[in-house]
Amino acid sequence: MLRIRKEALKPGMRLAKPIFTEEDQLLLHKGELLKGPFIQRMKNYDVKEVYIDWHHQYPMEIMEGIIQDTQNQIQDQFKTSFSRLIDNKNSEFEKIENLVEEILSEILENKKLLIDLTEVRSTDNYTFAHSVNVCILAMILGKSIGYGKKNLKKIGLGALLHDIGKVGVDEEILKKSKGLTDGEYGEIKRHTTKGYELVKSLDLLCEESRRIVRDHHEWVNGKGYPKGLKGGEIHPFARIVGICDQFDALSTDRVYRKAWSFSDVVEYLIVYQGEIFDENFVQAFLRSFEVYLEGRLIELSSGRNAVVRKFNRSFPTRPMIQVIQREAKGIIEQELLDLTKIHNEKIVKVYH
Ligand SMILES: [Fe+2]
């Protein structure tokens, strides 16, 4: 099953899920073969996502179609709120809160539409795009750990604002790659305490969410900043966001380096669990990939494309996959491979 934007629909595709209108009126049945008039009809309704059957043969461009609209919309909304929040504090807080609730309801309904693990984003809106992604990831991880709605909202709010202190850091320093002076590095580190000062004046934000802003760069071994807190001294919400922050940052292209591959980012989390990251939370994070990865189109280090068929809980980056090949007549399914047995191949990219 593949999820695509309604704009990417083409005649000949078969629906993997029924389509309902906003008023819950059935528009099209599951299994329906799409024809031009059907597609036209769908454009008149507020339908954002459509699930189509994988087994039919489509050009690769369609398979790579992504639901960008929702995420872009959220980013624009947040960008405005983020700068206004500094001036208007509590009056703007409600908008941020609504945004988190909107994302949370999507997560609780098990929709996958918002998350993108390896999306390449432009660097000028990096902080905003990153904050939204970390918010999404942190609530997914929180859910996988077992937190209820009330706590997930606190996690989401703190995650969305975690880097708010960067508004006070010189843009040039933030974009700099290597050769940071001690002074410049110290300036970057101060975004945690600056951010905490900023959110302290938000009366509606609880202290647990504020801790996320202050402590998301603390390491469980006590070598992080700003305070060098250890293990349990770091609030669990800050430990959650610490993982999601690194995961998203490393998965993204930056001015000074290319995005890491999906497998490398996951391996980084595994290698540093118990040192930088909370070990139990890293394990919960990897478990949450099961829902995310199965059925996804991926790119392998050899350049081949494949679809994830079965997640491997013991080796989250090495699932059972089916290699596919793009030919003039469509997509041809090829051999089924167990990535645990093929060591010269790894996942470099996960498509929507
Ligand atoms: Fe940060």
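## Around helix 10

Leaving aside its neighbours within four places in sequence, R214 touches T192, T193, G195, Y196 and P226, where two residues are in contact if their C-beta atoms, placed from the backbone, lie within 7 Å. This is a predicted model, in which local features need pLDDT of at least 70 and side-chain atom pairs count only at pLDDT 80 or more, while totals for chains, interfaces and linings use all residues. Residues are numbered from 1 along each chain as its sequence is written.

R214 has its place in helix 10, and helices (H or I, at least four residues) and strands (E, at least two) are DSSP runs, numbered from the N terminus. R214 counts as buried because it has 26 C-beta neighbours inside 10 Å; a residue is buried if 20 or more other C-beta atoms lie within 10 Å of its own, exposed if 12 or fewer, and partly exposed in between, with C-beta atoms placed from the backbone. R214 and V199 are 15 residues apart in sequence, and their C-alpha atoms are 9.5 Å apart in space.

D215 is also found in helix 10, which covers residues 207–215. D215 is buried, with 25 other C-beta atoms within 10 Å. When its neighbours within four places in sequence are left aside, D215 is in contact with L229, I234, H235 and A238. The C-alpha atoms of D215 and K227, which are twelve residues apart along the chain, are separated by 8.0 Å.

How do helix 10 and helix 11 pack, and at what angle? Their axes are 8 Å apart and the angle is about 45°, where axes are lines fitted to C-alpha atoms, for helices over the stretch in contact, and angles run from 0 to 180 degrees between N-to-C directions. Helix 10 and helix 11 are therefore oblique to each other, given that angles under 35 degrees count as roughly parallel, over 145 as roughly antiparallel, 65 to 115 as roughly perpendicular and the rest as oblique. The crossing of helix 10 and helix 11 is right-handed; a crossing is left-handed if the near helix is turned anticlockwise from the far one by less than a right angle, and right-handed if clockwise. On the side of helix 10 the contact is made by E208, R211, I212 and D215, and on the side of helix 11 by F237, A238 and V241. By class, the residues of this contact of helix 10 with helix 11 are four nonpolar, no polar and three charged, where Ala, Val, Leu, Ile, Met, Phe, Trp, Tyr, Cys and Pro count as nonpolar, Asp, Glu, Lys and Arg as charged, and the others, Gly among them, as polar.

Helix 11 also packs with helix 6 (residues 149–160), and the axes of helix 6 and helix 11 come within 10 Å and cross at roughly 50°. That angle makes helix 6 oblique to helix 11, and the crossing of helix 6 and helix 11 is right-handed. Here K154, I155, G158 and A159 in helix 6 meet F237, I240, V241 and C244 in helix 11, and the residues of this contact divide into six nonpolar, one polar and one charged.

With helix 13, helix 11 packs at an angle of about 55°, and the axes of helix 11 and helix 13 are 10 Å apart. That makes helix 11 oblique to helix 13, and the crossing of helix 11 and helix 13 is right-handed. R239, I240 and I243 in helix 11 meet F281, V282 and F285 in helix 13, a contact with five nonpolar, no polar and one charged residues.

Helix 12 spans residues 262–271, and F262, S263, V265, V266 and L269 in helix 12 are buried. Seen down the axis of helix 12, these buried residues fall within an arc of 165°, so they line one face of the helix; the arc is that of the directions from the helix axis to the C-beta atoms. The buried residues of helix 12 pack against helix 11 (236–250), helix 13 (279–287) and strand 9 (347–350).

Finally, consider the chain as a whole. The protein chain has 14 helices and nine strands, and buried residues make up 37% of its 352 residues. Among contacts in the protein chain between residues at least 6 apart in sequence, 62% join residues at least 24 apart.
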